[in-house]
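Please look over the chain displayed below before reading on.

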Amino acid sequence: MVGKTKRRKRAKRRRFEVEVRQMTLEDLPEVWRLSEKIFTPSQLQFTYRTWNVNELLSLFQEDPELCLVAEDVSSKRIVGFALGTILKRPFSPWTYGYFVWAGVRRMRRRQGVGKRLYRELERRFREKGARIAIVDVEGTNLAGMRFMEKLGFKQSQTYVWYSKLLD
């Protein structure tokens, strides 16, 4: 038992090379499968209810340059994704980059994958004229909130969501 734990820890510590690139049509099934492992009702209740395959397809069709994947170079396996969109308010000079969805495989978390995905997404936001990046995080997702703060986001407003079961 001890040997297995040491090997697992050693394998985790091994550096891996990741490439952040634009998502392709062929990546969609793997991104969907990864998202189903991340956005679960037990972990992220609200996110689970709002995430669906139509959301993924819509963002991919609307602005494919803002749909990114992180791919393990040696295995060619997708280890993370980030999806964004541009929001432009009519009659306003402000353009927003909205960081909509992100996910990283559990075994690759805390290794810089999410940060690399976001940095590339932010670069693309700037290229498209965004002056502000915005994101929302489920209030129970403490790891997600810490991650956003590490990326330089500041909590700007508290939003309270209510729900009502309709029989």
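The chain exposes about 11900 Å², and carbon and sulfur atoms supply 52% of that area. Accessible areas come from the Shrake-Rupley method with a 1.4 Å probe, and for residues only the protein chains shown count as cover. This is a predicted model, in which local features need pLDDT of at least 70 and side-chain atom pairs count only at pLDDT 80 or more, while totals for chains, interfaces and linings use all residues. Residues are numbered from 1 along each chain as its sequence is written, and side-chain values use heavy atoms, with hydrogens and water left out.

Of the 167 residues of the chain, 37% count as buried (buried means under 20% relative accessible area, exposed over 50%, partly exposed in between, with a 1.4 Å probe and protein chains only). Six helices and five strands make up the secondary structure; helices (H or I, at least four residues) and strands (E, at least two) are DSSP runs numbered from the N terminus. Along the sequence their pattern is α-β-α-α-α-β-β-β-α-β-α. Among contacts (heavy atoms within 4.5 Å) with a separation of 6 or more, 67% are between residues 24 or more positions apart.

Strand 2 pairs with strand 1 in the antiparallel sense over five bridges, where two strands pair if DSSP finds at least two bridges between them. Within this pairing, glutamine 22 has leucine 68 as its bridge partner. Strand 2 is also joined to strand 3 by five bridges, again antiparallel, with cysteine 67 opposite leucine 83. The hairpin of strand 2 and strand 3 has five residues between the strands, and lysine 76 there takes a positive phi near 60°.

Strand 4 and strand 5 pair in the parallel sense over four bridges. The chain crosses from strand 4 through helix 5 to strand 5 in a right-handed β-α-β crossover (with the strands pointing away from the viewer, the path from the first strand over the helix to the second runs clockwise). Glycine 97 stands opposite alanine 133 in strand 5.

Helix 5 covers residues 113–127 and reaches 22 Å from its first C-alpha to its last, close to the 21 Å expected (1.5 Å times one less than its number of residues). Its buried residues include Val113, Leu117, Leu121 and Phe125, as well as Glu120, Glu122 and Arg124. Their cover includes strands 1 to 5 and helix 6 (142–150). Just after helix 5, glycine 129 takes a positive phi of about 90°.

In helix 4 (residues 53–62), Leu56, Leu59 and Phe60 are buried. They lie on the same side of helix 4 because they cover an arc of only 100° around the axis, the arc being that of the directions from the helix axis to the C-beta atoms. Asn54, Gln61 and Glu62 are exposed on the other side.

Which residues does methionine 23 touch? Methionine 23 sits in the loop between strand 1 and helix 2, and counts as buried because its relative accessibility is 3%. Not counting residues up to four places away in sequence, it touches Leu28, Val31, Leu56, Phe60, Cys67, Leu68, Val69, Phe81 and Leu83. Methionine 23 and leucine 68 are 45 residues apart in sequence but 4.8 Å apart in space, C-alpha to C-alpha.
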